[in-house]
Amino acid sequence: MAFQNIQTIDLAMVRENSPNPTCDIKFTFLNQATGVMSELPAHKLILAFGSEVFMTQFFGAIPEEKETIPIEDSSVQVFQIFLDILYNKKIALEAFDFQLLADLYYLAEKYHHGFMKDSIIKEVSSRKIISENLLEVAKVAKTNAHLEELSSSLFNICFVFINKSDLGTILAIFDNEDVGEEKSCTLHRLMTGAKRSRPDVCKNCQHAPCLDGEVLTKSNFVIGASIHRKGHDEKQSRKTVKVDDSRVDYVFEDGSGSSAKFSEMTS
């Protein structure tokens, strides 16, 4: 026969559906636009084990005596998600937009939740920008500049998109927006940042990043590149001349200025 205990009870469900009598703290939220007050109950002990800030606040040398704490720097919706995570409720970060992730990261920073911060950075860094949300992501990155790691991660995925796009595509995105100083500053920040983040083009293979160690193909071929066969210690330099679907033409250079042309089947 199974008995209920602290390991089998869904505390998140208790907090949401039956807060009394076990919940011993409430967070309140005032909607400035509507004047509506919302509240979220919770258990001090659960919060304390999830955040050292809450541990100090509720069980430190001078513990919080109030049973109701007003929250002015977060919406009730975002704080609800934050509490769900502390209660070990499964949360799909991939379902959240960039602004919500930023708001959640702020709470993770405020309450010293390192794992939550790392998870959000990982989620942000895994995303690919599309032209429709480039400016949205850049705005979130700029607004949250005080959260350096988050802001940097957001700008970095913007830079990746820009470096893979042609200039016309980028300018077209800005042409669809209202002209203004903020728009100009955002464009400048994105373009200069993308340029700095772009890897240097290799002088030999003419690619960035360098293709050293990669197999020579028709798509990555350039004339005059030094190549070598894997597993062969060759003193003479092979310079590419031509490549097609089945063979590569190259010349040996022996250092004396003389050269000889050869062909070799490609793999």
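Which residues touch the most other members of the largest nonpolar core? Among its 56 residues, these are Phe27, Leu47, Phe79, Phe82 and Leu104, where a nonpolar core is a set of buried Ala, Val, Leu, Ile, Met, Phe, Trp, Tyr and Cys residues joined through side-chain atoms within 4.5 Å. The structure is a predicted model, in which local features need pLDDT of at least 70 and side-chain atom pairs count only at pLDDT 80 or more, while totals for chains, interfaces and linings use all residues. Residues are numbered from 1 along each chain as its sequence is written, and side-chain values use heavy atoms, with hydrogens and water left out.

**Overall architecture**

- The protein chain has 10 helices and seven strands, taken as DSSP runs numbered from the N terminus (helices are H or I with at least four residues, strands are E with at least two).
- Of its 267 residues, 34% count as buried, on a scale where buried means under 20% relative accessible area, exposed over 50%, and partly exposed in between (1.4 Å probe, protein chains only).
- The accessible surface of the protein chain comes to about 17300 Å², and carbon and sulfur atoms account for 53% of that area, as given by the Shrake-Rupley method with a 1.4 Å probe, with only the protein chains shown counting as cover for residues.
- Among contacts (heavy atoms within 4.5 Å) between residues at least 6 apart in sequence, 46% join residues at least 24 apart.

**Core and cysteines**

- Leu104 touches Val78, Ile81, Phe82, Ile85, Leu93, Phe96, Met116 and Ile120, leaving aside residues up to four places away in sequence.
- The structure holds zero disulfides, a disulfide being a pair of cysteine sulfur atoms within 2.5 Å.
- Cys23 is buried because its relative accessible area is 14%, and Cys158 is likewise buried, with a value of 0%.

**Nonpolar surface patch**

- Leu45, Phe49, Met55 and Phe59 make a nonpolar surface patch of about 430 Å².
- Helix 2 (44-50) and helix 3 (52-59) are the elements that give two or more residues to this patch.
- Patches are made of residues with over 30% relative accessible area and no salt bridge, with like charges joined within 9 Å and nonpolar side chains (Val, Leu, Ile, Met, Phe, Trp, Tyr) within 5 Å; a salt bridge is a side-chain nitrogen of Lys or Arg within 4 Å of a carboxyl oxygen of Asp or Glu.
- Phe59 lies in helix 3 and counts as partly exposed because its relative accessibility is 45%.

**A buried loop residue**

- Asn144 sits in the loop between helix 7 (134-143) and helix 8 (148-163), and its relative accessibility of 7% makes it buried.
- Beyond residues up to four places away in sequence, Asn144 touches Ala102, Leu150 and Ser151.
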